[in-house]
Structures are given as structure tokens and as C-alpha cells.
Amino acid sequence: MSDAVVVGSTLDTGSPEPEEAAGPRGVLEVNDVMVEFDTDAGRITAVDGVSLHLATGETLGLVGESGCGKSTLARAIMQLVPMQRGSVRLEGTDLGTLPRRELRRMRHRIQMVFQDPRGSLDPRMSVSTIIGEPLRVHGIGDRTSRARAVAEAMELVGLPTAVSDRLPSELSGGQQQRVGIARAIVTDPAVLVCDEPVSALDVSIQAQIINVLDELRDELDLAMLFIAHDLSVVRHLSDRVAVMYLGQIVETGTASEVFTEPRHPYTQGLITSVPRADAESATRLQTARRLVLGELPSLLDPPSGCRYRTRCPYADDECAATEPPPEAVDHTDGLHSLRCHHWRDIAVRSGAQPSSNSQEQAP
Amino acid sequence: MGVTVAKRTGEGPARTSEHGVWGRLISMLGSRGWMLLVLFLLLLVAASIVPDVFAPHDHEAQNLRARLLGPGESSSEGLHLLGTDSLGRDLFSRMVIGTRLTMFIAVTATLIGAAIGVLFGLLGGYFGGRTDRLLMRLGEAQTAMPMFLVAILLLSLLGPSVGILLVVLPCLVWPIFARVVRAEALRLREETFVEASIATGCSTSTILGRHLLPNVAPRILVLCVVEIGHVMLAEAGLSFLGVGVQPPDTTWGLLISEGRPLLAVAWWLTILPGVLLGITVLVLNLLGRYWESRSGAAG
Amino acid sequence: MSVLPLLEVDDLHVTFNTASGPVHAVDGVSFTMAPGASLGVVGESGSGKSVTARALLRLFAITDDVRVSGSVHFDGADLLRVDERRLRHVRGGQIGMIFQDPLTSLNPLMAVGEQIAESLRLHRGMGRAEAASEAVELLARVGIADPEKRATELPSSFSGGMRQRVMISLAIACRPRLLIADEPTTALDVTVQAEILLLLDELRRSEGMALMLITHDFGVVAATCEDVQVMYAGKLVEKASMTHLFDRANHPYTEGLLRLVPRFEDAHTGRLHPIPGQPPITGGGGSSCAFAPRCAHAFDRCHREIPPEVAVGPEHLSACWLAADRAKEGTEAGRPWRRTP
């Protein structure tokens, strides 16, 4: 699927590491990004040293619960919020160091689909104007070729030509999100960042939009960063997955590995928590409750050492004392890695099959 | 069999303009009432474009034998609907002729003020921070100054002229536009579609011009209508004080001023142009507020 | 079998008169719930599932122009016809309710303990001191740590999950015989959702109250409910026990809903199977099957006549003209969650 074979750990420690990978590893390389915000209550670190990379035709799913920093990371990658540290390289160009004008010119190579389908569209512009806007602002093509590109994009996302003169408010939620996607792909970007693109939609519409993204990714050879809190949707679309917790990536690997053999206690808890429509649903939730304890700590006062230790059933003094560095799981070519001191001692808890009680292991 | 649980109570709480004097006036007017208001405005516009169609007499023709005729009296020239002035000139014709300059000054000055206010408001609201503080202080400083007195001073120093009126009058209104537009821009810049246009690669001027401006345009238009009336009043005030429009040009304000010494003998010379001015300002206000409540309800 | 039903809803209709014409939000819904039963109501937004719940307690906004007909028998009385006084007694007393967004249902300026105590004094006639200590007890019951201290705090100092716990403690304060939970976990993260669902299930069992859970997620129902009914365009299209429904979903809409969510246990196995089109915005009220325009199996009759509820198994009803045939042959997906790639 991807021509750029990914080698090496995808996690980096907070401290700058020696250049372990020479040359570009993909169309998008995010290295050690840190984003801080000032809030009324104090300064918080929303994203804390996150690194990831993305190859053409590949989808990386980014999952985590609210407040984990996944949307802020998306905005940092899009250069919509300032980064305190780190770099974002798009096709080899470091976006963070570009002057504003140059950055604007690069933007047609990396586009974004937003969570709120209606709010992300200018209420006073027609559908075709909205979709054509990226072409116009980047001066791509002339009037006729732009109209053709808009029509093509509309067809790709499954919008009937009849809606091109309508206003966003005259469309259904699903159609609005199709407009948002058409606008994002009309410039033929290399990277598409999707921030919770289906969570505002009804279930029967979600499936339609997921299929649109799925088809586009294959057809346009997009590198896609897909952010969602819905694990089944991420599982369905992603080649690789990264799990975020309190601003850090705690586990990453191929989708099948992370979902069938989650190693990090948080990933295990997260996956087990998803209610599934089967007979073991209730027992599984019981298991989940033992893996995720208590409440999410405040970002204003994050735990020392391992971020997850306050909720982890396996935590001990070492977890409080030192922050676990990313470690690669054996036999995965470094593709599967996680931040946990004790992962070797924790049973693999299969996320795919209903957990049987024999797999229970006391902390 | 049906059990009616709750009844609809009014159109919803969003329309704050339903309350107070304006609200009551607005609710008093039916749909036909609105047509009348619009018709009145259209007549004024027509009178300023082709006054000769409306004026029964030459507005400058003096007729010393027909001085100070009351409304409805006739001279050798024919009927003087609203009477004549001290030189025997037909008041109705003079009011019709005055409409052009009155409207021209009010509309132009409002548009100039709106342009400045919209620009400042957009910049301040979108960028926030120092730009915003600077622009808003400027507006406040100006609002705090007794602009009417400054205008009188300026006009009496430089000599009254329509040109200077078009400098002075916009100063009265731009802070109002700036405040409204700034508030709208502050709200809009938090909308996802603004973030989406930055992500798309739009320049700041594109975002301001193509995204923010069209979204505040309805508010601006409504405000323009209301402010035209206010500017009209200000111009009349200045002209009344003798520092505004000078004869032989004429506006409604000037007519009021010219009639004032004769108020005891020829009330119509002051009262009738005053009534016309008052009605016009009222109509503009009503229309503006009506449209505002309509667009507010439509979301 | 012969237990007297706790709740008996018969031919419930709810019609909103809106500026763009009448909307038949609930269009002839009938069902019963036994004491201590657990019922999941599944549907998309606009299916009428929330309106049904609100109609049971006549909870409508003052600005709604709404007509309700049919009957809702709870504990012997028709709730649609009892007077306001009696209804107030039922609301929050015998029937508790929790909503998707707990913040809007809590007084932001009153300590949570006080709010619970107020309800206890009102509905259970407790004295001030007794109510205060019972409130702390209730907060402990729903899993809030350090309840004495938290009882004195305002709702704003609680996280989303904790706020929903407070809402639940408020809802169960008067030992209701029925708890209606309207999308109680939709706004919550999955790990928090898991805890709230477990809590609801435990409370139902320990208090012996019935639970009606409204959701769009079959997984949520599977974890908490024994029975399930699916709504589409204001009508119940399928009713069954949860385990039975998974084995033999009969109605094409139910089947579609079960198939369109990406199965967690599957890796990427090709495209999803979305239901084409959109649900109708005007609700029911038509003279044909409301799902027919989106249904792959629809034939002439579906567009002409409203299908009746047909028994397709033990305590399994389906409102589809093909229900009997589909029950015999089994649906396309067979066991829908074992989808073959």
C-alpha cells in the first residue's frame, strides 16, 4: 500500500534524540511537537512531545478521550496554533519556520476536514463557491478548469450537481460534511487531516461519510490523519493507530496489532470500554472498570513519571519516579511501541475477542 | 381525544426589539404599513432624482404679491399646497428641491462613516490585541468629545460648505458602525469556517473581505438605514445654526432655519419642513429596526 | 408472564405544529414494561425515541405547540390525563429521568447535596437533617468519592462523568419505580461511559426499578438491557429481547443499523454498508411504510400500506410486510455481527 516502508520507533522521548532516521520517512513528519496554552487557571501543556509520521496512501488513526490533546495536535500540524517546540515537515518542508506567505502557499498540500460540518462552511457562500475557494486563493487554473475541478470533487464525494448553488443551511448534515471534504480534496492535497469528521453525524450518515473518506484515500493516494474518539471507526479506516493520553502518545502500532494485542494498560482499558452489540457486553465493561481507575487528572497538574499511573492498576513507585520512554515491542520491526515500565509483565488482553475471565491477571 | 399540553407563546424570546416604544410601534404596523413606509422612502428618492416632476412651481420664482400665503391658498401661479415664504416662493416646491441635498448629504456622510467604521471594526475585532485597543480608544475618545460643538467650531473657522459637512458628519457615526462590526467580527472569528479558511490558505484580506464582511453586511445595511436618519437630523441642526448648508442651496434643515424668525406669523414655514424631517427620521428608524428584527428571527 | 405491567403505553401519538407544518414525532407507539424490566429504545435522531420518553411525563417546552393522544398507564393512572399536582408527584418521585447533558438539569448555583436533599424533602417528606445525610449516602451509592465534601460543591466543579453520577443520584433519590435515561452517555468518553452503564445496571438490580434507556448505540443497549425496541419515523419497527435480536434481526432497518456500524472485531474488510438516503424530517403520519424509500427489499405494497406488527418469534415483533418470510429464511446477514467479508 505504501511505498515508504516505515522503519524505526514512531515515538520519541521528550528530550531531543540524535537523528535516528536519516532522510524523510514519509510525506508528513511530526517531530517532538509541544503545544502550551494559557488558561484562566494557569498554563497547560496540551501536546507534550508528540512525534509521528505518515506515508502516502496511509491512514494513521489518532484516538484518545477528550482533553488528551488530539485536536490540538491536529491544529498544530495545520499550523493553526503556535508550537512551543518541535517541527512539522510536509514533503520535506518545515512548516513551522516558513514565513507567513510561504506557509499560505504550502497549505493546498495539506487540508483539513472539521468536526462541525455546518460551522466549518461560510453560511453566505454557495456550495460551489465554498468548494472552489481553495483553487481561487491559490490561483490554481482558470475559471473553466476550476469549475471542472469543483464538479469533479463534488462527484467524488457524492454530491449531486443540483446542490451547487445552495447555501450550507439548505443541506443535511451529511451533505454539509461532503462539502467540507470536497473543499479539502479539490486542491489535490498530499495530506488530509480529519478531526472527528463523523462524530457530529447520525449513525446511518456516519457510514456514508466513512465510505467517502475510504474511497478518496484509495483513489487519490492521500496520506490521512484520522482523529476520532470512536474506536470502531478508527479501526475500520486506519492502517496504523496512535493512542493519546494527557498530551502524549502512549502506544502506537499497526491497527491490527494495537487493537488485537494492546499492551499499554490504558489502551487495553479503552478498547475494552467500547460497548459492543453482543452477549458479553456487560462482562467486558466490568473488565474495563478494573483497567481504568478513578478520574482523569487535571492538565494543570499532570502526574509525575508515567502520565497514566494515577489510573493504572499496575502502577508502582517506579511509575511515579520516572517517565517511561517509548519501547518497541519485539518482532514488530519497531512498528509497535509504547510507554510503560511494566508492559512485559502485563498480559496481552485481546481487544478483538470477547475477553474470557481466564485472562484476568491481578496487578 | 387529544390533550393539548402547551400553547405557543409568541414568536420566541429572541426578539428583544419587541419591547419598549419601538417594539410597540413595530407591532402596530401590519404588512401594509411596511409597504407604506417603503413607498414613502421611494417617493423621497424619486423626488431627489427628478424634483421637477414633483414640484408644482419653480422653487426660485419669487412672487412678492403672494408672500406668506398659508397652506392651501392660491396665487396667480396657482395653488400653493403648503403655502409660500416671505419672498412668495412655493414652500412645497422648495421642500421637494431640498430633498435632493438633504438626502445626498445624509446618505453620503453615512456611507463614509460606515466605511471607516466597518474597516476599523473588522480590523479590531479580527486581530484583537493592540490593534483593537488602539482603534477602540480612538472611537471612545471621539465619542467622549462633544462632536457637535467641534463641528460648529470647525465649520465656523473654515467657513461652512457641503464638503466640510461630509468630513464632519461621518465623524459622528463611524464609532457606532465600528462598535457593531467589531462585536460581530469577534463572534465570527471564533467560528470554525474562519479557521477552515485559514487552513485552506486564505490571506487575511480574503478572510476579512470574503468571509467576515458578507456575514456582517446585513447588520451594516440595517444600521445604515437608521443612521441616515440621525445624520439627517445632525445636518439639519448644523444648518439651523447657520453653519451648515448655505443659500441658495437648500435642505430641509435650512428651510426650518429660514422660517424661524417668522414662526409667529407663518408657522407653516418652520413646522411643515420640520414635520417632514421628523417623519423621515421616524420611517428610517422603523424600517431599520423592523429589518433587524426580521433578520434576527431568521437567524 | 402474568405480572401486572408497570408501564403500559397504548397508541401514543405526539404531533408538533411547526411553522413548516405538522411533525408526527411519535406515530402510534404501544408497549409495556414489567416492574424491574430493562428496555432499550434505539433509533436515530428524529426517530421519536426522546419525544416518546418526554411524552410519558408530558415534559414539553412551554413554546411547543404539541398534541398528544393515546394513553400512558403507569401504576393504574393515565399520566396523560392526571392533573398537574399528581403529575408532579410522579415526575422525580415514581419516575426518575436523566438526560444527555446533566449540566442543564442541575441548578448551577446550588450545592449538589442541597439539590438532592431538596428533592428528598419534597417527595419523601424527610426532615432537613435526615435529607442531608441521605443525600451524602446517595452520592456514595453512585460512586462519588469523599461524598461529604463533594455534597457541598457546586455542579461546575464536577467533571462530565461525575455530573452524570450526580444526576443519577438525584433521579434515584426518591426510589423511583422507573428510571428513564435519555442518551445518558452520549456526551461522555468511552471509559466514563462504561462506568455509568455499569452503575445503571447495578442500580436497576439492587433497587428493583425498571430502566428505559434511550440511545442510538446497540452496544450500549447490549450492556444494560434485556429487551430492545427500534424506532423509525415515530413508529416502533421491531421489538425483541436483546439476545434474540442479535441472532435474528428481522426488520430491514434494524438489520441496516446493525450492519452499518463498523464492527470493532473486524479489521478493514471493505466498505461499510450505509443505509442510503436520510430519515424523513416530518416523522411519521404517512400511509405507507416510512422506511420503504430507503429499503432494499421494498416492493409495491410497502409504498401503499402501513405494515402491521407481526410476531416473528417468541416476544419478537416486526413491522414489515416481509417479516414472516424473513423470519423463515433468516436475514441476509444471518447473525449480523458475524458479517462475512
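Helix 7 of chain C has these buried residues: Gly161(C), Met162(C), Arg163(C), Gln164(C), Arg165(C), Val166(C), Met167(C), Ile168(C), Ser169(C), Leu170(C), Ala171(C) and Ile172(C). A residue is buried if 20 or more other C-beta atoms, placed from the backbone, lie within 10 Å of its own. This is a predicted model: local features need pLDDT of at least 70, side-chain atom pairs count only at pLDDT 80 or more, and totals for chains, interfaces and linings use all residues. Residues are numbered from 1 along each chain as its sequence is written, while chains are lettered from A and ligands numbered from 1 in the order in which they are written.

**Helix 7**
- Twelve of the 13 residues of helix 7 of chain C are buried, so the rest of the structure largely encloses this helix.
- Helix 7 of chain C covers residues 160–172 and reaches 19 Å from first C-alpha to last.
- That is close to the 18 Å expected at 1.5 Å a residue (1.5 Å times one less than the number of residues).
- Helices are DSSP runs of H or I with at least four residues, strands are runs of E with at least two, and both are numbered from the N terminus.

**A hairpin**
- Strand 11 (residues 310–313) and strand 12 (residues 316–318) of chain C pair in the antiparallel sense over three bridges; pairing takes at least two DSSP bridges.
- Ala311(C) stands opposite Leu317(C).
- Two residues lie between the strands of this hairpin, and Glu315(C) in the turn has a positive phi of about 50°.

**Chain C meets chain A**
- 37 residues of chain C are in contact with 38 residues of chain A (C-beta atoms, placed from the backbone, within 7 Å).
- Helix 8 of chain C gives the most to the side of chain C that touches chain A, with eight residues.

Terms used:
Contact = placed C-beta atoms within 7 Å.
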